[in-house]
Amino acid sequence: MIPSMINQLAYISDTITQLFDYIDEKVLSKHPIENKMSVWEVCMHIAQIPQADLLICKGYNADQMQLYYEESKPVNIQAAKEQFLEGIQRVMKHIEQLTEDTLSKEFTTYWGSEYRTGEWFLQIMNHLVHHRMQLYSYLVILNRDVQVVLFR
């Protein structure tokens, strides 16, 4: 199961970085859907997800997570892409070190939800896929000719 998780995470990561390549200064501040995040806010959130979700799995509390979010804001799209890729590498390294037994280990998030470690890594992938589709949709709404295959 672990090699399959890494394989899927690599594909998700690759498609997200491809989407980042469609973004320039002209679209960063756009809000394609009224009262929702801007393109930049989505990119910034995606950049933070891998490391944030890994920290949650490691038992960080609400205050520690708030500090992480405040201190880990990228300054531009290139920095967001780099931060995202660094976070993905940390997640993959962490997954590689797991055993089948540790995938069943239970933990509680800072908001009180209980997960098994393997289940949490599925949640990380779901979280990334959700925002990948959000970014893809934003780009399409903004008339970008997006040529990224999201599923294979």
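Me: What radius of gyration does the chain have, and what would a compact globule have?
Reply: This is a predicted model. The chain has a radius of gyration of 16 Å. With 152 residues, a compact globule would come out near 15 Å, so the two agree.

Me: What does the C-alpha trace span along its principal axes?
Reply: About 45 × 35 × 25 Å.

Me: How much of the chain is buried?
Reply: Buried residues are 47% of the 152.

Me: And the accessible surface, what does that come to?
Reply: About 8,500 Å² for the chain, with 49% of that belonging to carbon and sulfur atoms.

Me: Switching to secondary structure. How many helices and strands?
Reply: Six helices and two strands. In sequence order the pattern reads α-α-α-α-α-β-β-α.

Me: What share of the contacts is between residues 24 or more positions apart?
Reply: 72%, counting contacts in the chain with a separation of 6 or more.

Me: Ok, helix 1. Where does it run and how far does it reach?
Reply: Helix 1 covers residues 2-20, which is 19 residues. From first C-alpha to last it reaches 27 Å, close to the 27 Å expected at 1.5 Å a residue.

Me: Which of its residues are buried?
Reply: In helix 1 the buried ones are I2, M5, I6, L9, Y11, I12, S13, T15, I16, T17, L19 and F20.

Me: What covers them?
Reply: The cover over the buried residues of helix 1 includes helix 3 (39-57), helix 5 (77-96) and helix 6 (117-141).

Me: Since helix 6 came up: Q134, buried or exposed?
Reply: Q134 sits in helix 6. Its relative accessible area is 18%, and buried means under 20%, so Q134 counts as buried.

Me: What is Q134 in contact with, apart from its neighbours within four places in sequence?
Reply: M37 and V42.

Me: Another glutamine, Q66. Where is that one?
Reply: Q66 is in helix 4, residues 62-71.

Me: How does Q66 count on accessibility?
Reply: Partly exposed, because its relative accessibility is 44%, and that class lies between the 20% limit for buried and the 50% limit for exposed.

Me: How far is Q66 from V91?
Reply: Their C-alpha atoms are separated by 20 Å, and the two residues are 25 apart along the chain.

Me: Last topic, charges. How many positive and negative side chains?
Reply: The chain has 13 positive and 19 negative side chains.

Me: And how far apart are the centres of the two sets?
Reply: The centres lie 4 Å apart.

Notes: Residues numbered from 1 in each chain as written. Predicted model: local features only at pLDDT ≥ 70, side-chain atom pairs only at ≥ 80, totals over all residues. Heavy atoms only, no water. Helix = DSSP H or I, 4+ residues; strand = E, 2+ residues; numbered from the N terminus. Rg over C-alpha atoms; globule rule 2.2 N^0.38 Å. Buried < 20%, exposed > 50% of the residue type's maximum accessible area, 1.4 Å probe, protein only. Contact = heavy atoms within 4.5 Å. Areas by Shrake-Rupley, 256 points an atom, 1.4 Å probe, with all protein chains shown as cover. Lys, Arg positive; Asp, Glu negative; His and termini not counted. Charge placed at Lys NZ, Arg CZ, Asp CG, Glu CD. Expected span 1.5 Å × (residues − 1).
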